[in-house]
Amino acid sequence: MPLRTVAVVGLGTMGTGIAEVLARAGHEVIGIDVADAAARQAVAALAASTARAVRRERITEQERREVLARFRVFADLSAAADADLVIEVVPEDYATKHEVFTALDAVVRPDTILATGTNALSVTRLAADSAHPERVLGLHFFNPAPAMKLVEVVSSVLTSPAAVASVTALARELGKEPVSVGDRPGFVADGLLFGYLNQAAAMYESKYATREDIDAAMRLGCGLPMGPLALLDLIGVDTARTVLEAMYAASRDRLHAPAPILGQLSEAGLTGRKAGRGFYTYQEPGSDVVVADAQTPRPPDAAEPGAGRPVNAVGVAGSGTMASGIAEVFAASGYRVVLAARSLAKAERAVARISGSLARSVSKGRLSEEAREAALARITATDSLDAFADVDLAVEAVAEDLAVKQRLFQVLDKVCKPGAVLATTTSSLPVISCARATSRPGDVIGMHFFNPAPAMKLVEVVRTVLTSDATHASVRAVCAAIRKHPVDCGDRAGFIVNALLFPYLNNAVKMVQEHYATPDDIDAAMKWGGGYPMGPFELLDVVGLDVSLAIEKVLHREFRDPGLAPAPLLEHLVAAGCLGRKTGRGFREYARA
């Protein structure tokens, strides 16, 4: 059935955005809100947005007048009598939504589709309490509705396939990416997103890392548009808590149990941007401008001068992609670099890889030919760690095997001069175990670069309980010199990024395992609804399912949380040799070279 006239009940931010999308697409839109101020504000918002569109020459003035004429506002639900579709976007409270649906049953035609915009409450319960449950479904837009492409179309066991088809066709007509899912709290996008946000809040609450470092780590390490704590402030801390409570009630997964800090902030009225304060402090309620508060860290130049040790020469142990990338970063930043591999041939191949990477930078105009030649001249290839005798910083980037790394650190302990910093690039192993293999654990620290090292800005700086202040200060200074963004964290499994990223990936696998959604739908939901550069299954196949499984096992072993246990489907794929792109098959199949 074509849905020409659509009523939107609730003209808050989301309702107003949905109304704008519909009116600009040519639909007659009936806006309904009991608050006269909300109705006036919705009309003003549409007038302002269409005026901006005219100034940017996206629409004509005539088209603007036609859009505004298609949007009419009312205070009573009886205005929805002739609507083909009603979209409810009232506050996330079951009693309020139930009242709206009961009133609509008495007003609209029997064939009118009723959609709820909930992202946490039961669509099935609303449908079961309706006079016509077959016409009730969920239609979950994402904020801001005009910009975000994803729309989740949520069916209950009572929903008519014809209603789903009509609403899905409407979403496509609006230029959206519809994903059809079943009814469970959070659906796909929020079901994955809010578990991740909750873990970030718990990480902050435990004082493992600062709010700034947590947010920077996920933006720079994963390419996300916002850090998790800033996103919680945007969504609303109270809203996040409500969604998580609903998710936990359904799943009983401790990862969904709201972190206590969410309740504390909510009860204090510190609900995020809308209140002017949440995890961060804002210029005023509703503002997106963050201002300094008592928790804002001192600027880097406020650190004590001379706290670290000077670093002029760097040794890089290893010959793989990560080792050559790290060596390139240091050489391009002016450091003398000694690259040591198990054989001279491997070390020379690594230098050749660096040469090719620098040549690509020259071809793209990012680097001059003279700078490329100077960087290469700073690199010495060798097959012996004895060449590390005079380096100020030794960085290991060998296989992710604790025994291998410990043997290497024993050698570095004997070879490197007193006071040299010894760094491991491990992403999942305990740094303290490497430190204890030496006679100078205070000089040992973690420097977790991200791949590809020349492009990725993030370095997780991992202190053990034995790392000295001078070692830490030296590494922070080096990160600044090589133009990387350091974030501080303690020595525990996953550090910041992997500890937040891999439970999210694991939960995505569980969704597929439970036949709730397909990998394609989940990837689309996270890209279009969350702004993620890659969907979870794209990312798993790139990282490698075996690597992902190993990290998830480490996290489960460290934190002993049942929710962190690797999904059996992931284990089965790894056992079958389906490891992702590198084997030609993972969650998807790839053309083999």
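Salt bridges in this predicted model number 28, counted where a side-chain nitrogen of Lys or Arg lies within 4 Å of a carboxyl oxygen of Asp or Glu. Residues are numbered from 1 along each chain as its sequence is written, and side-chain values use heavy atoms, without hydrogens or water. Local features need pLDDT of at least 70, and side-chain atom pairs count only at pLDDT 80 or more, while totals for chains, interfaces and linings use all residues.

| Salt bridge | N to O distance |
|---|---|
| Asp84 and Arg109 | 2.8 Å |
| Arg109 and Asp111 | 2.9 Å |
| Asp523 and Arg588 | 2.8 Å |

Asp84 and Arg109 meet in a salt bridge. Asp84 sits in the loop between β3 (71–74) and β4 (85–88), and Arg109 in the loop between α4 (94–105) and β5 (113–116), so the pair ties together parts 25 residues apart in sequence. Helices (H or I, at least four residues) and strands (E, at least two) are DSSP runs, numbered from the N terminus.

Asp84 is buried at 11% relative accessible area. Buried means under 20%, exposed over 50%, and partly exposed in between, with a 1.4 Å probe and protein chains only. Arg109 is partly exposed at 27%. Asp111 is partly exposed at 40%.

Asp523 pairs with Arg588. This pair links distant parts of the chain, 65 residues apart: Asp523 is in helix α19 (residues 519–530), Arg588 in the segment after α22 (568–575). Asp523 is buried at 2%. Arg588 is partly exposed at 22%.

A network of salt bridges links Arg309, Asp413, Arg440 and Asp443.
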